[in-house]
Amino acid sequence: MTDSTEKPRGVDFVREIVNEHNASGRFGGKVLTRFPPEPNGYLHIGHAKSICLNFGIAKDYGGKCNLRMDDTNPTKEEVEYVESIKNDVRWLGFQWDGMYYASDYFDQLYAWALELIKKGKAYVCDLTGDQIREYRGTLTQPGKNSPYRDRSVEENLALIERMRQGEFPDGSRTLRAKIDMASPNVNLRDPVLYRILHAEHHNTGNKWCIYAMYDWAHGQSDSIERITHSICTLEFENHRPLYEWFIDQLGIHKPQQIEFARLNLTYTVMSKRKLLELVRDKHVAGWDDPRMPTIAGLRRRGYTPESIRNFCAEIGVSKTDSVIGMNVLENAVREDLNKRAPRVMAVLKPIKVVLTNYPAGQVEELDAVNNPEDPSAGSRKVPFSRELYIEQDDFREVPPKKYYRLAPGQEVRLRWAFFIKCHEVIKDPATGEITELHCTYDPETRGGNAPDGRKVQGTIHWVSAAQAQRAEVRLYDHLCKVPDPDDVPQGVDWKTNLNPESLVTVKDALVEPSLTKAATGDRFQFERVGYFCVDTDSQPGALVFNRIVSLKDTWAKIEKKA
RNA sequence: UGGGGAAUGGUGUAACGGUAGCACGGAGCGCUCUGGACGCUUUAGUCUAGGUUCGAAUCCUAGUUCCCCAGCCA
C-alpha cells in the first residue's frame, strides 16, 4: 500500500529489510527470528548483541523469537553449556517462544539426506580427510571430482544406512552433496553433510553415530521452524548460496538470511576458543570470572542487564567490521548505576585521622543521603567519632597545585559531616612513613555547612574507626593490557597480552557499618571511588566486593597532565 | 591470482539526490556537600580519481584499502 509515505528513519539495516518484506508481503507480515548458539561454551557480550537484535526485532514487529541449540557436534557440547545459555538469555531479560535443538531434527535431516541421494544430489564418499582437502582445490584453482561421486543411488542408499548402523569407523566415510567441484565458492565444492562420529550426544544419547554438519543442519532447522529472518554474522555470507541450494532441492520454506558484523571490544578477546583456553588453563577463575567478557562474568562483575541492553542499542548494527572501545560498555553501566546505586562510604587504602578537639569516647550519628540522583532512596545514619580513616590519596603533605583535598593547614569537608583542618603529620620515626594525621574539626559545620558561609574546595569520604567494617575489595581492570590482544607477531602467543594487573585484591578496606547488611549481588557506589558489587564469595562478616567500574576521575587526569 | 563483503570525525553510527546529525572520546567553561552526576561551548568526517546533475555521502565508471572463505568446527 502507498498510504505510508514516511520513511522509517534511523533504523538499522536489518529492520530496514524487515520493513521491505512487510511492505511487499514476502512473509505475510510475519516475523519469526531465532537465537541459535552452539552449546560449546558460555555466552559472551558478542552474543548479547545478537540476542538483543533477534529478540528485539521479534518484539518490535509483534513476532516471535526461538532459542535453538545448534548442537550438531557431540564432541564439544555439554548440558552445562545449554543450561548456562538459557540462564543468561533469561537474565538479559528475554523470554524465548520456542525452545528447540537442532538435534530434535536429526530424523528429519536424515530423511532429507536420503531424498537428496535419491535425486542423485548426494553421495557417500570414501576419501580420507586429507584427500578431500586435496580434491577440493584452492581458492584460485578448481577442485576435481571424487572417484566415488558417481556411485549409484542404490549403493549410496545402502552405504549411508550402513554408516548410520555403525558399521564403519570414525572418519572412514562421509556423505557429500553433489554440487560443483569447480565452483568459485568453495562451500559449494561437494560439502560434507554427514561425518561418522561414535560419540554420545547430550540430547540424543547413542542413537546416532553419524552427525550432520552445521551447514547441513542450520538452514533446514530454520526452515523447519519457519523462521522468516535468519540473522547471523558476516562469515556466513559465503554459506548462504549453499543453504539456499539445500532448501531449493528440498522445496521447503526459505527464510531470508541477513548477515551483520559481530561485536569486537578493545582490551579483551571474544573467541570461544580463547575464552575456553583461559578457563581451562586457569588464567581466570572460571567462565564467570569478573574479568571475562562472558554474560556470566559481566553478571558476577556487577553489570546490570539494562546496561548491557543499552550498550547493544548504542553500538548499532551494520555490516562494517568494527571494534568498540571498552569505555563504551563501561559508560553504559555507569550511566545505569548512577541512577540506581545507593551511595556509601568505603576507604580502600586507609590512613588514620585523629580529631584532637573531638571528645574521646563520643559517637554521634549523622544523616547521609543515599542517592542524590534519587530522592526516594532516602537517607541513613553514619557514625562519627574522634578517630576516623580517610583515603591515603586524599592527603598530601606537599599538595600540588589545584589539589583540593587534605593537606597541612588546608580545610576540607568530610562528606555529610564536618569541616576538618590538618595540623600535624605523625610519622614512623624509623621509616618516615605517615602513620597518623592530627586534625581539628569545626563543630559549627555539622552536616557539612558552615554558618559563616565559608566554602571549602574539597569533600572527601571517610569511615569512623571503631564502627568500620573490614572488607575485601577486588579491583578489576581490563583482561588484556593492549587494545587489540590478537595483534601479535607470528609465533607469539596472544596470552602474552594478558594484563597481569587485571585483578588487584585489597584485603583490608574499611567500609561503613551499614554495609554489614549487604547481600550477594547488591550494587553500591563507593562515593568518589566507583561502583561495586557484593561477590558470590562474600560471607556475613567477611564481605567481598567487586569493582564493577571506577568513577570518572577528573583529578587523575589533571595530575597526569601536570 | 578465484569468489563473497565492507569503506562517513579518534571510535561507533545516522542521512535513502537537497543544511553531513547523534553517541562515546578529546579540549574548555559553568554548577556542585562525590574533582561524580548534570548543563553549555568546542574539536574533528563522506577512501581516491573521474563522470552524471542546478545540486552527490547517496547515482555511474575506474581504482585503492580492509575483512571473510580452501574443518569430517560452528
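Figure 1. In the side chain of Arg 133, an N or O atom is 3.4 Å from a phosphate oxygen of RNA strand B. The elements that give two or more residues to the surface near the strand are helix 5 (129–136), strand 6 (192–196), helix 11 (305–315), helix 12 (326–340) and helix 13 (554–561). The model shown in this and the following views is predicted. For Asn 327, an N or O atom of the side chain is 2.8 Å from a sugar or linking oxygen of RNA strand B. Trp 555 takes part through its backbone: one of its polar backbone atoms is 3.4 Å from a sugar or linking oxygen of RNA strand B.

**Figure 2. The protein surface near RNA strand B.** RNA strand B is surrounded by 71 residues, of which Glu 16, Ser 318, Gly 447, Gln 525 and Thr 554 are the closest. Helix 13 provides the largest share of this surface, with 5 residues. By class, the surface near RNA strand B has 26 charged, 24 polar and 21 nonpolar residues. On the RNA side, sugar or phosphate accounts for 65% of the atoms of RNA strand B within 4 Å of the protein, and bases account for the rest.

**Figure 3. The second largest pocket.** The second largest pocket holds about 1000 Å³ of space. Its lining comprises 35 residues, and those closest to the pocket centre are Glu 38, His 47, Phe 236, Arg 262 and Lys 272. At least two lining residues come from each of strand 1 (32–35), helix 2 (45–60), helix 7 (214–224), strand 8 (229–233) and helix 9 (272–280). The lining of the second largest pocket divides into 12 nonpolar, 12 polar and 11 charged residues.

Figure 4. Cys 125 is buried, and its relative accessible area is 0%. The closest cysteine sulfur to that of Cys 125 belongs to Cys 209 and lies 18 Å away, which is too far for a bond. A disulfide requires two cysteine sulfur atoms within 2.5 Å, and the search of the whole structure finds 0 disulfides.

Note on methods:
Residues numbered from 1 in each chain as written. Chains lettered and ligands numbered in written order. Predicted model: local features only at pLDDT ≥ 70, side-chain atom pairs only at ≥ 80, totals over all residues. Heavy atoms only, no water. Buried < 20%, exposed > 50% of the residue type's maximum accessible area, 1.4 Å probe, protein only. Near = heavy atom within 4 Å. Polar contact = N/O pair within 3.5 Å; in protein donor to acceptor, adjacent residues only side chain to side chain. Helix = DSSP H or I, 4+ residues; strand = E, 2+ residues; numbered from the N terminus. Nonpolar A, V, L, I, M, F, W, Y, C, P; charged D, E, K, R; others polar. 1 Å grid on protein atoms, 1.4 Å probe; cavity = no way out; pocket = protein on both sides within 12 Å on 5 of 7 lines; lining within 4 Å. Points joined across faces, edges and corners; volume = space filled by probe spheres on them.
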